[in-house]
Number of protein chains: 2
Amino acid sequence: MVLESAISEEAIATNLKQFLLVLSVSLGVATLPQVFSWFRQIPYTLLLVIVGLGLAVVDVRLVVLSPVLILSIFLPPLLFEAAWNLKWSDLQRDFVPICLYAVFGVVISIAGVAIGLNQLAGISLTTALLIGASLSATDPVSVTALFRELGVGTRLVTLMEGESLFNDGMAVVAFGFLVALPLGNAELGFQPILLQFFQVVGIGVAIGCLIGFAISYLTQRFDLPMVEQSLTLVSAYSTYLITEDLGGSGVIGVVTTGLILGNFGSRIGMNPRTRIIVSEFWEFLAFFVNSIVFLLIGDQIRFASLGENLQIIAITVAAMIVMRAVALFILSKLSVMMTQSQVSLPEQTILWWGGLRGSVSIALALSVPTVLPGREKIIATVFGVVLFTLLVQGLTIKPLLQKLNLLGDAPLREQYLQLVARSVALERVLQYLQTEKRPGIDPEFIRYQEKLVTGEIAELQTKIDKLHNEYPNLQNFTTEQFRDELLAIEADTYAEFVKSGRLNKELAPMLEDVLGHQRD
Amino acid sequence: MVLESAISEEAIATNLKQFLLVLSVSLGVATLPQVFSWFRQIPYTLLLVIVGLGLAVVDVRLVVLSPVLILSIFLPPLLFEAAWNLKWSDLQRDFVPICLYAVFGVVISIAGVAIGLNQLAGISLTTALLIGASLSATDPVSVTALFRELGVGTRLVTLMEGESLFNDGMAVVAFGFLVALPLGNAELGFQPILLQFFQVVGIGVAIGCLIGFAISYLTQRFDLPMVEQSLTLVSAYSTYLITEDLGGSGVIGVVTTGLILGNFGSRIGMNPRTRIIVSEFWEFLAFFVNSIVFLLIGDQIRFASLGENLQIIAITVAAMIVMRAVALFILSKLSVMMTQSQVSLPEQTILWWGGLRGSVSIALALSVPTVLPGREKIIATVFGVVLFTLLVQGLTIKPLLQKLNLLGDAPLREQYLQLVARSVALERVLQYLQTEKRPGIDPEFIRYQEKLVTGEIAELQTKIDKLHNEYPNLQNFTTEQFRDELLAIEADTYAEFVKSGRLNKELAPMLEDVLGHQRD
């Protein structure tokens, strides 16, 4: 009855130690801006890359990144969290431009980079195409992490995240096809590629829907917070693995599951408290995994091979940037022609310059089979380009946003709204305390609670007043907010009438009209 | 620049799949009581063991438990969470009995089991001693999980958890010494054993204090919730690994760190909101790991070798139970003599019967070197005994608690809540009767209804008052209930704000901060 372990004991202990070391370094980096305020200008994720690079300079290699590690372990939770927080209504509004960017943007990027490298650097077409394919998809992780930290408006975040979450389907198909080509087991032609694309995306969406709705249904049947929280974690990883095993895009699968659970399942199946706890848990998990991933990206760099391939890297960067500008310009025009949704030129500029590449590109490059001759060149180039996008583009996007006046007062509004939400919530608690008679509660306790809550409300009011004084613009914003609230009350009342059968449904579109005008 | 991975890609994917499978089964088990209410009588952890056993019967083996997996991966978070929630003031009050049980209880148990097995079953003394040592420590995980679910009073939980968290130091020393003995590299004698014991415990406490206070100091310097949350996780695993590497008891180390951070660091260094989020995170993690561990314990059982060793298992169980009774009786007497703190006979009875063995015993048995002749017998016996304690003792402890009147007021609370619910419902009916004017209803009828309802409410109020008088403890419970209601109102408001798009991210109920202070 000797029990044997699946992985060696040594491996478990060693890996655990390595990851603890990585985390300790990352957490140290996270506290840097607290000590030296100068560092506050640099987003956390980019600071991690820089520190990782610093470690690479003195040849301290913490953990070796492998494609499976990136794709199966780190990616699913990050994708899930991004999708969980993406609002379906926002996504729906910009569905056309996002799809155009995600599908055709990838094709244009691959073609441009490959032709540029082939013509200007004399790289073989096979290698050039693989470099192009590895770098064709913008990285959901890098983009999301950066844009959230910057506090950009909802529209831009939706466009950017939407593209980066969905363009993987196309990139993976293209990459798989291009890897198979030189090995002689790919069918050339427009039709098979198209078929494969729809298959990869279709399987992803199908499995994602299946798991997403199944878990939504399950969580609706019971109220077990811990189990529901665990289920979100299990669903993220399971969707990825099952989809990949069935030949679909795991990324598309996880994103679908995350969208469904975040927008639908968590609303119908979880009580509000559970939903908050689960959201907080995912926020933490994303922070945790990002802390590891970005440090390791920096730490993987081999400067010698970067130097050898400097020319190729420069050409790739140039081609990529030019092609992204072209693609965005054309596709945005196309999007306006197909729908009314306009992507303004400043927004296009940010989308263009904010198209960072990250861990997915690295994972793709690392998974080029060793038998292919250009592998080392591909890996070195991709690392170089990723580093350029993260450090040069990533660090300059904030000034660009400011210049284009797109950063707005988002952080201020957020802060203001939080204060308002808290104040309203506490008002309700106070009301409840004052009206609800509950036998057996010590009146002294209720009085004490009332005093606590009243004090808290007064404090919040002071903060709100202070904000109003400092930023007179908030007044407009507040008025707008208030108008929305009145409309919401009206809409709710109509909805109630319709629901109880006292009003027929024909009236609903009219209301939407009213609300629609207000919004524009 | 070919990058090589530390663990094979295959191994990562396979292990991930195995664990997802285990978790899915466990979560399925967690929902069982929702479907078949009969299962509500069995605590979740024991239900997992039973389902695991069921899988073992049909020879479905999910993951093979190894000592490193149990000790390095599963144990640290569970120990940390238990210690984080253990109140220092409670622990201090019962420090003497806990230490007596933890140190001398282990010695008495080893001696008793070894002599019993040697005399009654003719087992060689080496093997008998190793069986005794593996089973000498009560399992913190099993005990904590079970006692929390049952809703036992604080005193008993403190005594039970305190003993099981600390007796590992003694057990590990004894086990290490006894393993070294037949291999010929141990020094016999009272003094070296004592020295080693102090060394193992001392290193654990020292490293635990060092890391605990260092992190407390660090978190006091800044307010970064995510970083602080990550630090608790890093500290749990790091303390374990570092302490073990330095030859100390990792368990003692983690427990020390957890105690310091939970009682001291989280109060001086974290804002109340962070503290609640971190506590929730650890609660979830403990649930998560327990879901894996207990299912796997059941799933590991090999029935054939259990059958072969049935006699030895029976003798071991008998010896263990008898010796625990003797030890508890003597040590409790001693404790009264040394301090004023009395452990009542009913409490002693529960401590005696609730001394479950679990994953730590299994890990110790599995780590017996393969060169020792009795290894298979040791493993089979330990598995058998663990199973007995979990299933027989674990499943009968609740009736015993009820019989001894130690379960507290759980059924009472149920009755009380029903009364409150009816009273609140009738209040609402009354309100409706008084405010809603409905044409065409005879006012006499309304008045009659009002009288009926008012009478009913008064009757309920009398019953509630009576309960309050009889069980003054209910006051706390009522207050707690009320507080939960206030929190729910607040959380609902935030959810509403988020749903209507006025707030991007859900806030954790702030009231919890305010009320958190109440709790202390």
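Author: We begin with contact: two residues are in contact if their C-beta atoms, placed from the backbone, lie within 7 Å. In chain A, of the contacts between residues at least 6 apart in sequence, 83% join residues at least 24 apart. The model is predicted: local features need pLDDT of at least 70 and side-chain atom pairs count only at pLDDT 80 or more, while totals for chains, interfaces and linings use all residues. Residues are numbered from 1 along each chain as its sequence is written, and chains are lettered from A and ligands numbered from 1 in the order in which they are written.

Reader: How many helices and strands are there in chain A?

Author: Helices (H or I, at least four residues) and strands (E, at least two) are DSSP runs, numbered from the N terminus. Chain A has 21 helices and zero strands.

Reader: What percentage of the residues in chain A is buried?

Author: A residue is buried if 20 or more other C-beta atoms lie within 10 Å of its own, exposed if 12 or fewer, and partly exposed in between, with C-beta atoms placed from the backbone. Of the 520 residues in chain A, 44% are buried.

Reader: Is A:Ile115 buried or partly exposed?

Author: A:Ile115, in helix H5 (residues 95–121) of chain A, is partly exposed, because 16 other C-beta atoms lie within 10 Å. A:Ala319 is 204 residues from A:Ile115 in sequence, yet the two are 8.8 Å apart in space, C-alpha to C-alpha.

Reader: Why does B:Val293 count as buried?

Author: B:Val293 counts as buried because it has 28 C-beta neighbours inside 10 Å. This residue belongs to helix H12 (residues 272–300) of chain B. Leaving aside neighbours within four places in sequence, B:Val293 is in contact with B:Phe74, B:Val141 and B:Ser359. B:Val293 and B:Leu23 are 10.0 Å apart in space, C-alpha to C-alpha, and 270 residues apart in sequence.

Reader: How is the packing of two helices described?

Author: Two packed helices are described by the angle between their axes and the distance between the axes. Axes are lines fitted to C-alpha atoms, for helices over the stretch in contact, and angles run from 0 to 180 degrees between N-to-C directions. Angles under 35 degrees count as roughly parallel, over 145 as roughly antiparallel, 65 to 115 as roughly perpendicular and the rest as oblique. A crossing is left-handed if the near helix is turned anticlockwise from the far one by less than a right angle, and right-handed if clockwise.

Reader: At what angle do the axes of helix H6 and helix H8 of chain A cross?

Author: The axes of helix H6 (residues 125–134) and helix H8 (residues 154–180) of chain A cross at roughly 160 degrees and come within 9 Å. H6(A) is therefore roughly antiparallel to H8(A). The crossing of H6(A) with H8(A) is left-handed. On H6(A), A:Leu129, A:Leu130, A:Ala133 and A:Ser134 meet A:Ala171, A:Ala174, A:Phe175, A:Leu178 and A:Val179 of H8(A). For residue classes, Ala, Val, Leu, Ile, Met, Phe, Trp, Tyr, Cys and Pro count as nonpolar, Asp, Glu, Lys and Arg as charged, and the others, Gly among them, as polar. The contact of H6(A) with H8(A) has eight nonpolar residues, one polar and no charged.

Reader: Which residues make the contact of H7(A) with H17(A)?

Author: The axes of helix H7 (residues 140–150) of chain A and H17(A) come within 11 Å, crossing at roughly 30 degrees. The two helices are therefore roughly parallel, and their crossing is right-handed. A:Ser142, A:Leu146 and A:Leu150 of H7(A) make the contact with A:Leu390, A:Gly394, A:Ile397, A:Lys398 and A:Leu401 of H17(A). Five of these residues are nonpolar, two polar and one charged.

Reader: Why is helix H6 of chain B largely enclosed by the rest of the structure?

Author: Helix H6 (residues 125–134) of chain B is largely enclosed because eight of its 10 residues are buried. Among what covers the buried residues of H6(B) are helix H5 (95–120) and helix H14 (310–338) of chain B.

Reader: How many residues does each chain bring to the contact between chain A and chain B?

Author: Chain A brings 81 residues and chain B brings 84 residues. H1(A) supplies the largest share of the side of chain A that touches chain B, 15 residues. That side of chain A divides into 48 nonpolar, 17 polar and 16 charged residues.
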